[in-house]
Amino acid sequence: MSRVGAAKRLAQAAAVGGGGLGLIGATLYGVLTAEAEYAKRVIGPMRYYPTPGDGLFGRYPGRPITFAMIGDSSAAGYGTDSPDETPGVLLASGLAELAQRPVRLADVSKTGAKSTDLAAQVDAALQAGPHVAVILIGVNDVKAKMPPSTSVRLLSTAVRRLRAANCEVVVGTCPDLGVIRTIMPPLRQVARSWGRRLAAAQTIAVVEAGGRSVSLGSLLGEVFRTNPSMWGRDNFHPSATGYAAASAALLPSVAAAMGVGPESFVPPETFRGEAILPIAEAAVQAAQTAGTEVAATEVAGRERGPRGRWATLRHRRRHPEADVERVDEGTADAVPVGK
């Protein structure tokens, strides 16, 4: 079966609640689960829990944009020494600079979270009235032996709930599990192939639900393989430098979702490999290419063509890391910005 076909089947199975392990092979999934358990034993008890960085960022005029950070340890910034090093704070600060508006961060992510925890996290995030949210989830589903179709379906539901509340959503898809040092060859390539297939299925589900996805796998994979400083103390989670790299990949898409920044309304640039494609083809290409965004679009006024929903494949330019500028709530206008 082709990569496009496999991704479509997994996404379709998630939509109807079927499929299960057979879609990627129960043996393959079992191997990855065993490796995750081995990695867990090597790492030992989890330490260095991050402190949430909730607050207001950016000394700019205007009403705040509310930004929600949702997901697992990769969203929470597990292993960082300061809240200012977590993805939530880095993205909130960067968005404030691009929007020239203050940004209020509501970080509801939690180390160890699985896709089954998304419903409760979305409940908490919606209480803050978010205008945009980032979701990073999925790696712990492997440890929990969760069928990929279930994982994708739960993610799709979370995106739909946020979109129903008029919240823009950006999802960082499954990372490259092949870079984890405790997973040795030849299982490393198996893990890489599995992660890309899951990332493609996540992309299809997210875009169909009204969000946009950003591929983290290939971007972080290459950097992590060649730069030991990207790893944290446990040699399993990213370091502060690694989290900054992931945030830099996500920020342009978060800004575009909010209609701010220099590239928000620039059409796809073919000379940079950007294109409008059927969603399944865009998803498979994104899973293999560094930091690629996929979002829904129209062709000749139509959302769908003969091969499904149309989607844009974008390689958005990165921005310099913004300074973290926490604002005293007592000096800021706390009225949410209108949509």
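Why is helix 4 largely enclosed by the rest of the structure? Here are my notes on that and a few other things, in numbered points.

1. Start with helix 4. Of its 13 residues, 11 are buried, so the rest of the structure largely encloses this helix. Keep in mind that we are looking at a predicted model, so treat it as a prediction throughout. The buried residues of helix 4 are Pro-87, Gly-88, Val-89, Leu-90, Leu-91, Ala-92, Ser-93, Gly-94, Leu-95, Ala-96 and Ala-99. Helix 4 runs over residues 87-99, and from its first C-alpha to its last it reaches 18 Å. That is close to the 18 Å expected at 1.5 Å a residue.

2. Now the wider view. The protein has 339 residues, and 53% of them count as buried. Its secondary structure is made up of 11 helices and 11 strands. Take the contacts between residues at least 6 apart in sequence: 80% of those join residues at least 24 apart.

3. Pick out Ala-96, which sits in helix 4. Its relative accessibility is 1%, and the cut-off for buried is under 20%, so Ala-96 counts as buried. What does Ala-96 touch, leaving aside its neighbours within four places in sequence? The list is Phe-57, Gly-58, Tyr-60, Arg-101 and Val-103. Another pairing to look up in the viewer is Ala-96 with Val-260: they are 164 residues apart in sequence, while their C-alpha atoms are 9.8 Å apart in space.

4. Next, the largest nonpolar core. A bit of background first: in soluble globular proteins, nonpolar side chains tend to be buried together. Here the largest such core has 27 residues, and the ones touching the most other members are Phe-67, Met-69, Leu-95, Val-134 and Leu-250. Which elements each supply at least two residues of this core? They are strand 2 (65-71), helix 4, strand 3 (103-107), strand 4 (132-136) and helix 10 (240-257). Apart from this core lies another one, of 22 residues, including Val-152, Ala-201, Ile-204 and Val-294.

5. Leaving aside neighbours within four places in sequence, Phe-67 is in contact with Gly-88, Leu-91 and Ala-92, among others. Its contacts also include Val-103, Arg-104, Leu-105 and Ala-106, as well as Val-132, Ala-133 and Val-134.

6. What follows helix 4? The next residue is Gln-100, and its phi is positive, near 55 degrees. Most residues other than glycine have a negative phi, so this one is worth a look. Gln-100 lies in the loop between helix 4 and strand 3. Is Gln-100 buried or partly exposed? With a relative accessible area of 43%, Gln-100 is partly exposed.

7. Ala-300 also has a positive phi, about 55 degrees, although it is not a glycine. You will find Ala-300 in the loop between strand 8 (293-296) and strand 9 (304-305). At 77% relative accessibility, Ala-300 counts as exposed.

8. On to helix 10, where Ser-253 lies. Ser-253 has a relative accessibility of 2%, so it counts as buried. Leaving aside neighbours within four places in sequence, Ser-253 is in contact with Val-170, Arg-212, Val-214, Glu-293 and Arg-316.

9. How many cavities of 30 Å³ or more are there? The count is 5. The second largest cavity has a volume of about 60 Å³. Its lining has 11 residues, and those nearest its centre are Cys-174, Asp-176, Arg-196, Gly-217 and Ala-287. Helix 8 (187-208) and helix 9 (217-226) are the elements that give two or more residues to this lining. Helix 8 provides the largest share, 4 residues.

10. Last, helix 11, which covers residues 279-288. This helix is mostly covered, with 7 of its 10 residues buried. Those buried residues are Ile-279, Ala-280, Ala-282, Ala-283, Val-284, Ala-286 and Ala-287.

Key: Residues numbered from 1 in each chain as written. Predicted model: local features only at pLDDT ≥ 70, side-chain atom pairs only at ≥ 80, totals over all residues. Heavy atoms only, no water. Expected span 1.5 Å × (residues − 1). Buried < 20%, exposed > 50% of the residue type's maximum accessible area, 1.4 Å probe, protein only. Contact = heavy atoms within 4.5 Å. Core = buried A, V, L, I, M, F, W, Y, C linked by side-chain atoms within 4.5 Å. 1 Å grid on protein atoms, 1.4 Å probe; cavity = no way out; pocket = protein on both sides within 12 Å on 5 of 7 lines; lining within 4 Å. Points joined across faces, edges and corners; volume = space filled by probe spheres on them.
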